[in-house]
Amino acid sequence: MDDASETHEESLGEEAFDTVNSSIVSGESIRFFVNVNLKVQPTQAGMGITGIGQGMERTGDWAGVAPLHQERPEEAGWHSESSPFSLDESELPGGCGLLHTSRKYLNFKNFEREIRAHRDLDGFLACASIILNETATSLDDVLRAMLLRLIHDPDYTEPECNLDLLMAKLFTDAGAPMEGKVHLLSDTIQGVTATVTGVQYQQSWLCIICTSKSLLKRHVCISRLIRPQNWGENSCEVRFVILVLTPPKMKSTKTATEVGRTFATMFLDITFRQKLLNTRTEEEFKEALIHQRQLLTTDCQGPTPGTRYDISAICIQKVHQSLQHKDFFPVGKGIREDIARRLPVYPLDLTDGIIGKNKAVGKYITTTLFLYFACLLPTIAFGSLNDENTDGAIDVQKTVAGQSIGGILYALFSGQPLVVLLTTAPLALYTHVIRGICDDYHLDFNTFYAWTGLWNSFFLALYAIFNLSLIMSLFKRSTEEIIALFISITFMLDAVKGMVKIFQKYYHGNHLGNHNTDHISLGSLVGLGTSLNNSLHTALNTSLLASSPELTSMNSHSTEHRDTAVLSLLIMLGTLWLSYTLYQFKKSPYLHPYMREILSDCALPISVLTFSLISSSCFQDIKMSKFRYNPSESLFKIAEMHSLSLKAIGSAMGLGFLLSMLFFIEQNLVAALANAPENRLVKGTAYHWDLLLVAIINTGLSLFGMPWIHAAYPHSPLHVRALAVVEERVENGHVYETIVNVRETRLTALGASILVGFSLLLLPVPLQWIPKPVLYGLFLYIALTSIDGNQLFERVALLLKDQASYPPTHYIRRVPQRKIHYFTGLQVLQLLLLCAFGMSPLPYMKMIFPLIMITMIPIRYKLLPRIIEAKYLDAMDAEH
């Protein structure tokens, strides 16, 4: 009779279904069961009214059929005003209760990519609990037999487990009042398919999942009934029951739902179920499971080709294709394609959010203010550093002017205007090295600097013309994140080193000076030198707006100087705390959502202005360290290019080539991070044209002796984030922020660059009222916000987390945990290698830093695959 029923089922061309009205299947529905008499027959005992919730969203990988997860957490209680029967509480029949039913679609288990699918099945086969030809007819008896089978299994080690307690946990009436019990399964997974008439359930199998605190490990039992059983709605011809039991605190890929999803994906195939019906022994049953796993592994679409359902899902894998010589020709092809791609949408870059329905003027204003402060303050800091390193040849004025001019040109003519240009610490280092060479060989600094910049622009133009930006496709996501995290660390170290120098000068230096004049600190000696000779300049983090005290007055002012050090630390930490708190304020429940968004977008301007005001007004008696400012004699003075010899010009070419490597990697890497798929930008990229534009901009900056600029991290990704519409989504208890869309505009970068230009009118006052600790707090804020979403940092954090707290990310699902930690360790080693060269005290070590970044390509493609399988490396480098 068993085989006959299944054969009849197959002969009809589809499995027997009970069609369920689509209004019943909703995202969340509440059923009111009114049990008039607990002793009457089930068909007479209840009557219900279904409340319709939000419609379900299909998220399965296959079309036509998907496993449906149903949860029925019971909330027993009396129903009064909401009752459709309009009965008073005293008139309600005995046995009234509330039952909450929640349904959601589950993704199919991908046996090719998700490593846990194989491990779930291996664990089951190792200690299989299989019941063949179960004769029990009621659901309770079948489940009790399955639990008894688990308990009597030799591998069953659950000393504190109680059979009756487990049975009660499987149904909704556990813990409900006696007069209000409704005996239904609490948590199930079934196969469903959507049709024109509604939703149809697969009736021949049922997966029941349960979580219990009394369990120590996971257990799976499969029971094959001797004949189909009718157990009510959506379970009219059940032949297979899968029972999954797990402890509550499990890794996100080992939960009851995940294990149930593994077996539910296998049982979706009617051909597979037919094979299981024909098996006679447990060994044959296991062999059928293994064979089905092989089919699902080789065909990543899910069920085998024999299934009657229309499976249209496509397994997409990112396969690396090696670059060919022809990809770099014809000359200028990439630039032409970039212009053709971006030129048609250029008007939209100026009108989106201003004209039309989806206006975002307020968002543009707050983003412009954020970008203005995020660009201006580092520009001032690096301008002051350049002033010290070049003896005033490149000062704050020139740095601000160059930032404004370059930013305006890039915002107007670039292919990707969301990328932000900025001068950076490595560029300041190159400038310092050039100054040292000029002093050693008696060369004119402005001329040698200009020639180095021109050679840099020349090489960048060649890279753009010959489409060399295609090489950046060799940089995998993991490599990009190593470099991004390195840059974030440098911001942190800059802030820490600056604060350490302040303490050395004001705290430890004066303390030592009070006790032993033979051990005067370096900061004190530098301060004395400043008072004696105005031609010598102190370092960036030891320069003071006010004149330094004399050695004879150190004793009387030691307490005041210590106050300066302590206050500087508090100002820096306060700036970080306020800015990051306001940045996270959009996640708080306070105020209106629109106000929360404004405060979050204006976090940086508010914190900078607040603590600058606190420092300058509330602590007037304590002198704070401020940036150095010397007005330029002439902002726009072209260098005398003919004054250098050919040998000096050749030396400038070598420096220009190394500098072009830094520009090439930084510009393309930051652009790639801004154009990352998760940012959902739709107007296209322009790597080649933007590289050429950067070369043109830096040509002019070099001639006028202004600092060079290129794409800045993390300012560019933060700019994209500031213009993004973000949604929060919850998966397995973990909250994720997902970008829905980004308002791609030129107006924010253009407005910020114009404001930076107008800031020249604010020099020296009131901009000098911004103390250096505020700048250091800004650096810490930028570093902290840039780490958010960095997978390398997240995987390092996994080493400190309990497995039950692991987020259900794609690499957690697809890669064994040990391989993940191996890969993370190898990335950390590469990060340490970058730090060894990029943070070396030797200037010339830092100059070859771009070559170290390029060597990470062969490390990723040649060395790492010998340690970790390529499929796991690709999975961790995947976007999702």
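The legends below describe close-up views of a predicted model.

**View 1**
Val 361 belongs to helix 11. With a relative accessible area of 41%, Val 361 is partly exposed. The patch takes in residues with over 30% relative accessible area, so Val 361, at 41%, passes that cut-off.

**View 1. The largest cavity has a volume of about 110 Å³.**
The structure holds 3 cavities of 30 Å³ or more. Around the largest cavity there are 14 lining residues, and Gly 407, Val 420, Leu 421, Ala 749 and Ser 753 are those nearest its centre. At least two lining residues come from each of helix 11, helix 12 (396-413) and helix 23. The lining consists of 11 nonpolar and 3 polar residues, with no charged residue.

**View 2. The second largest pocket contains about 1400 Å³ of space.**
The lining of this pocket comprises 47 residues. Nearest the centre lie Leu 385, Ala 425, Asp 494, Lys 497 and Lys 846. Several elements each supply at least two lining residues, among them helix 13 (425-441), strand 14 (710-711), helix 24 (772-787) and helix 28 (843-847). Helix 11 also supplies at least two. Helix 15 (477-515) is another contributor, and with 9 residues helix 15 gives the most to the lining. By residue class, the lining of the second largest pocket divides into 25 nonpolar, 12 polar and 10 charged.

**View 3. Asp 120 and Arg 218 form a salt bridge.**
The closest N and O atoms of this pair are 3.0 Å apart. Asp 120 lies in helix 3 (residues 115-126), while Arg 218 lies in the loop between strand 10 (205-211) and strand 11 (219-229). The two residues are 98 residues apart, and the pair links distant parts of the chain. Asp 120 counts as buried because its relative accessibility is 4%, and Arg 218 counts as partly exposed because its value is 27%.

**View 4. Lys 683 and Asp 352 meet in a salt bridge.**
The N to O distance between these side chains is 3.0 Å. Lys 683 sits in the loop between helix 20 (646-674) and helix 21 (687-703), and Asp 352 sits in the loop between helix 10 (346-351) and helix 11, so the pair ties together parts that are 331 residues apart in sequence. Lys 683 is buried, with a relative accessible area of 11%, whereas Asp 352, at 26%, is partly exposed.

**View 5. Arg 860 and Asp 877 meet in a salt bridge.**
For this pair the N to O distance is 2.7 Å. Arg 860 lies in helix 30 (residues 856-863) and Asp 877 in helix 31 (residues 870-877), 17 residues apart. Both Arg 860 and Asp 877 are buried.

The structure holds 24 salt bridges.

Definitions and conventions. Residues numbered from 1 in each chain as written. Predicted model: local features only at pLDDT ≥ 70, side-chain atom pairs only at ≥ 80, totals over all residues. Heavy atoms only, no water. Helix = DSSP H or I, 4+ residues; strand = E, 2+ residues; numbered from the N terminus. Buried < 20%, exposed > 50% of the residue type's maximum accessible area, 1.4 Å probe, protein only. 1 Å grid on protein atoms, 1.4 Å probe; cavity = no way out; pocket = protein on both sides within 12 Å on 5 of 7 lines; lining within 4 Å. Points joined across faces, edges and corners; volume = space filled by probe spheres on them. Nonpolar A, V, L, I, M, F, W, Y, C, P; charged D, E, K, R; others polar. Salt bridge = Lys/Arg side-chain N within 4 Å of Asp/Glu carboxyl O.
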